[in-house]
Amino acid sequence: MQTPFPLLPTIGTIPENQITGREQDIVKLLRLLRSQSVSVEEMRRMGKSLLLLKLAYLCNSNLQPEEFKQDNFKAKYFSFQGKQNLGEVINLLINELKDFKEWHQIDFSKTYNFIKDIFSVPEVEIGGAKFSLNLPEYKKSWKDIFFKTLEDIADTQAKTNGKLILIFDELPIMLWEWYKEGKHEEAIELLDILRERRQVLEKKGIRFIYCGSIGIKVVLNTFRKDFKYTGEPTNEMEEFSLKPFSENESDFLCECFILSGFNVAADEKQLCLKKVYGLSNGLPFYISTIFNLLQTEFDYNITMNNIEAAYELIINDTKQHKAFKQLIDRLEIYYPKDKKDEMMQILNILSKEDHFIEEELLYTKIDIDNNDSLKQSLYTLLSDHYLIRQVIEGKRYYKFKYQIFKEWWKVNIA
Amino acid sequence: MVESQHSINTILSFGAKSVKPEILEQLLVGRSPAANYLFKSVEGIVKNGNNQQILVIGQRGMGKTHLLRVLYHRCQSYIKNDQLVVAYFAEEEYGVANYFDFLIRILYALIRWEDIDKNTLESKLEELQDTNIPGQVSFAERIIEDYIADKPLLILAENFGDILNAIGTQEQGKLRAWMYQDKRINIIATSQSISDDFDKEDRPFYGFFNLYYLKSLTYKDSLLFLTSLAELDDRPDVVEHLKNKGKAQVKAIYELVKGNHRLLVTFYEFLKSDTLAKLSNHFIKTINDLKPYYETYIRYLPPQQQKIIRYIALSRKPQQGTIISKNCFIDQKSLSKQLSELVRKRLIEAITDQTDKRNKLYDINEPLLRISIEVGEHKEGITALFIDFLAIYYDENELTDKKLKFSDLLEKCESSIEKKEFQYEIQAIEKALSLKRYETLENTFISSEILNILFEVVKQKKYKEAFSILEREKHNIDKLNYSNILFRLYMLNEQYLEAKNLFLKFSDEFVEKKRLFALGALSFSQLVKTENSESFYLKGIEIFEKAEKNGEGSEYLYLAWGNFLAQFATIFRKDEDLFFESFSKFEKAIEYNSMNENIYIELAQWQFGLSIRQKDSKFSIKAFENFEAASDINPKNIRLFKLWGGALGFSSDYNIKDDSNRLKNFKGKFKLLSFKDRVSIWKIFSNVPYLYLLNNTYSILKIDIKHSFDELQHVLVDWINAILSSQLDTLNKADLTFLRKIAIEFKDKIPELAISEIYIDTYEDYKLNGNKNAIYELPKEQRLFFESKILKQPEL
Ligand SMILES: Nc1ncnc2c1ncn2[C@@H]1O[C@H](COP(=O)(O)OP(=O)(O)OP(=O)(O)O)[C@@H](O)[C@H]1O
Ligand SMILES: [Mg+2]
């Protein structure tokens, strides 16, 4: 067991060597990655990025769990957020991988020659900051360049007999932004490369992790609907779904926070930790938020009362982050209105139930005539992490995934 | 200790960065927990290798700048020991339009504050400038990364909400991506409120910052704070004062400013100016400085929210949702949405109604905001507020005392500027005194039941009913009050003649006491259209003068006065001096409120008139300047454009020197109007028979017509007809060619233009070629029209 270290509560970034917990998740992920690429999806602020950063950190510093020492995993984290076109994406890849050269001696000369062949541009400085593919005349060949870049990486990779994990954080949201700006063609282009070439690259030892707060499926569905897009770029990619912290992980995080300067009575501590775990549902974001409130509003004093009062603030105080509002926002932003209304109805009903509800029973309680449509909405809510499902004797039962979300929905929406 | 008074003024004002750190620490009253919390975070960053992203939220003047300054100072030893790199942004980081700009600001901040590495950074910056554009972002990132190496970077930024808003979602995304990719980037930022950028699911920084709300100072803190100021200022007398009588005053101040640091500093000047002269200077200056700041702030709110804010501010006390909904004409449902938005933005505050716990009352959260709205709306602008303040701040005896003191000073004083200032103080004090008396009057006024009823009725603008109540209750009200009310009702009901006549029956003493001169003068100014005897004007002028003497001066008084004089001068063809006097009244009005565009418009009108009369361009130049000034204040004032355009048309005719900028300015502003507004203006223009105006605005008109034939088809026809029929000047061949071109261009779409074209041809034949028979080519109705309307021959 690791020893706790002082960590100030934060809901922003955490340096890679201080990201707590997630050991089990990382084991599971790496096992999957041995044979395939993975897509990680969860709602916002659930800890996706930090998990992946930690994974990369462990692999690159040779701290990975024993069973993976042989696999020779290396990983590189990219955040695609805000990238406006393929050119910027390629730039990012090349710029970031420059640091990687020492391990892999990636040779971009192929790409370089390739670009030169096409455009006869005499001086493209590869890898340096001056390298850029944003010029409009390159546009038509971005697709090829993008692939070339990856292929260069993969070729080197194949020789090392290891696996290189390329983590594409916020890929879906970037595509979604492109879509909103009418740049869906470029988005589809990127998806196409990833679809057509992924297996080739995987054979050479590259693994991808697509990660985002909206499912890549949401994007694909929209493309299918709006542009008759038929590709299946995430086919055969395993979907990895993030879980909340276990009680141990939660306790460990709390211990770290406490070391950063909180007061707690020794005999009350265990009780307090339990309380935090219970109220936060083990979601690290809420654990941090509770501690942040304890420092700013309750003078660094951890007591049962203060914890509860902090929790109250999270649920009720308009001054705090509208942490749960994403549950509504998401429905509004990513789905058409009729779908949204239907899903709201479902959530309203489920928020008043304490147990799993059977699908048919739900159908009788709800003002939705079309059973197929209901099924579809339930499925969407399931894959968008609002609900969880149990199948017993062929019947499907649903329930809110997180108690804390359910409470909020019941109080504020239903 | 502080060397000069001056530094006290700057301490918590906009320039807090330049004050000595020790002083800042000493003035940290009420903010120690905040400073300690933030510094603890920095310690965590340095000592534990943690990351922190914190957003400190507090309204203007709550000491955010001060706090960051203290924090920055406390970081010094870490900086010197090479354990931390701090990029301390300037308070107003304007012009940050994207992520790249943000990176550049970091570099600038490093250059500004880190003397040691200045040169290296500067040369890097030059290199960056030579980099091609697409590569710049990553290069800038790299420069920063190289510079900080393995140390943590701490960005201290103010108004971070504004910065995020300015750079937009995508660019925010880039910033966040950088923060996730690069391990040690910390931000401690301030913001006035929390916006969607921190709180909506699809924004990058959704739920990313630890929030820290600054709290208002308590009364006790406020007292302590003021005492610290006095100590720093080396004023033992004030310190003493604050231990005794001053406490009550601080209470009053506290009520007014609700524990806002910056305002407390302002009012510190009052505390100590007890023995000094010029109470008003500081007050007025501060409020004036703040006003534009707030104006821009409100301007960017959605209209409904603006309405709500204004309503609550002007009500001066917390209001119920239902009342707001009624008065702002916003239905309950959207109201509650807007209210909760405003609460979130911390512009208003929701309070539980003590009389009915289920109810909520809403109040303006920020005293500065309320004051600045009031300054904008208050009929009498700043002065009124100052007087209000005096009235709250001092009791009657103190005021009388002060008045005497100032009168003494006035006697002894030599410089005329100072004399003026003392007079102003004395006037203000007198007004505050009369306000105090008036308030007691007003109170009896309200407490009487009848008047209460009247008050309600008047509020709903049911004047008829008010009149009959007043008549009915005549015997229960004393005579003077009765006349006073009657007079006011006449004014409200726009019965100016009755109002004037009644007013003339009042004794001067009564009018003086009730401060009715201004209203009386207004009744005169409203009657200029109907009354036109010289004696009427002379009487009116007399009343205006009395109003001024009685301290009833206001923006409106002077505006009316200016108009009144100009009208008088015009009707009776008085000499120009009277115009000049009128103009000086307008200028006075502008002194009261430089943001009321109507004053400029009125003034411009008269100036233009005078310039035509003098056939000289001197005043027309001024007139156009004032039109422009008005348009800067309110670019949407339709009346302005009608007059402005008209004046441009006229100026072509009166041989008043042309200035192409004049047209350009007009057109530039005109284009910015909404289509609908322009339509209504085109309709007016089409009656102004100036080819010049048509010629010069045609390019805009053309686009508008194409946009909507329905609304504008008559404009062209009318305008061409008006120009043809104008007797003012004869059109030449080129003019007619131009008109014909227009007619032809649109006649497919607007059939009536075909007839206009015929008229144009006929005009040319008849007037230019001298072919008087040309009219007989026209069918009869057209001929009749041409003869009577265009040739203006009397119908046979
Ligand atoms: N392993 C962890 N250890 C400590 N805190 C964590 C951990 N994972 C998540 N958190 C908390 O949750 C917050 C959000 O984590 P992270 O940035 O990884 O979320 P995300 O799912 O990537 O969010 P987004 O969708 O906004 O990108 C962190 O700032 C931290 O407060
Ligand atoms: Mg993330």
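## Terms and basis

A residue is termed buried when its relative accessible area is under 20%, exposed when the value is over 50%, and partly exposed in between, computed with a 1.4 Å probe and the protein chains only. By this rule A:Glu393, at 79% relative accessibility, is exposed.

The model is predicted: local features need pLDDT of at least 70 and side-chain atom pairs count only at pLDDT 80 or more, while totals for chains, interfaces and linings use all residues. Residues are numbered from 1 along each chain as its sequence is written, chains are lettered from A and ligands numbered from 1 in the order in which they are written, and side-chain values use heavy atoms, with hydrogens and water left out.

## The two chains

Chain A holds 18 helices and ten strands; helices (H or I, at least four residues) and strands (E, at least two) are DSSP runs, numbered from the N terminus. Of its 414 residues, 59% are buried. Contact here means heavy atoms within 4.5 Å. Where contacts in chain A link residues at least 6 apart in sequence, 74% of them join residues at least 24 apart. Chain A exposes about 16,900 Å², with 48% supplied by carbon and sulfur atoms; accessible areas come from the Shrake-Rupley method with a 1.4 Å probe, and for residues only the protein chains shown count as cover.

Chain B has 40 helices and eight strands, and 55% of its 796 residues are buried. For contacts in chain B between residues at least 6 apart in sequence, the share joining residues at least 24 apart is 69%.

## The interface

The size of an interface is often given as the accessible area lost when the parts come together. Buried area is that loss for two parts, taken with a 1.4 Å probe and summed over both. Between chain A and chain B it is about 4,800 Å², and carbon and sulfur atoms give 45% of this area. The contact involves 60 residues of chain A and 50 residues of chain B.

Four salt bridges are found across the interface of chain A and chain B, a salt bridge being a side-chain nitrogen of Lys or Arg within 4 Å of a carboxyl oxygen of Asp or Glu. The side chains of A:Arg330 and B:Glu201 form a salt bridge with an N to O distance of 2.8 Å. On the side of chain A that touches chain B, the largest share, six residues, belongs to H3(A).

## B:Asn51 between the chains

B:Asn51 is situated in the loop between helix H3 (32-48) and strand S1 (53-57) of chain B, and is buried at 1% relative accessibility. Its side chain makes polar contacts with the side chains of A:Thr13 (3.0 Å) and B:Arg184 (2.9 Å). A polar contact is a pair of N or O atoms within 3.5 Å; within protein, one must be able to donate a hydrogen and the other to accept it, and residues adjacent in sequence count only if both atoms are side-chain atoms. Not counting residues up to four places away in sequence, B:Asn51 touches residues including A:Thr10, A:Ile14, A:Pro15 and B:Lys183.

## Positive phi angles

Most residues other than glycine have a negative phi. A:Arg45, however, has a positive phi near 65 degrees. A:Arg45 sits in the loop between strand S1 (38-41) and H2 of chain A and is buried, with a relative accessible area of 14%.

A:Glu393 also has a positive phi, of about 50 degrees, without being a glycine. The exposed A:Glu393 occupies the loop between strand S9 (387-392) and strand S10 (395-400) of chain A.
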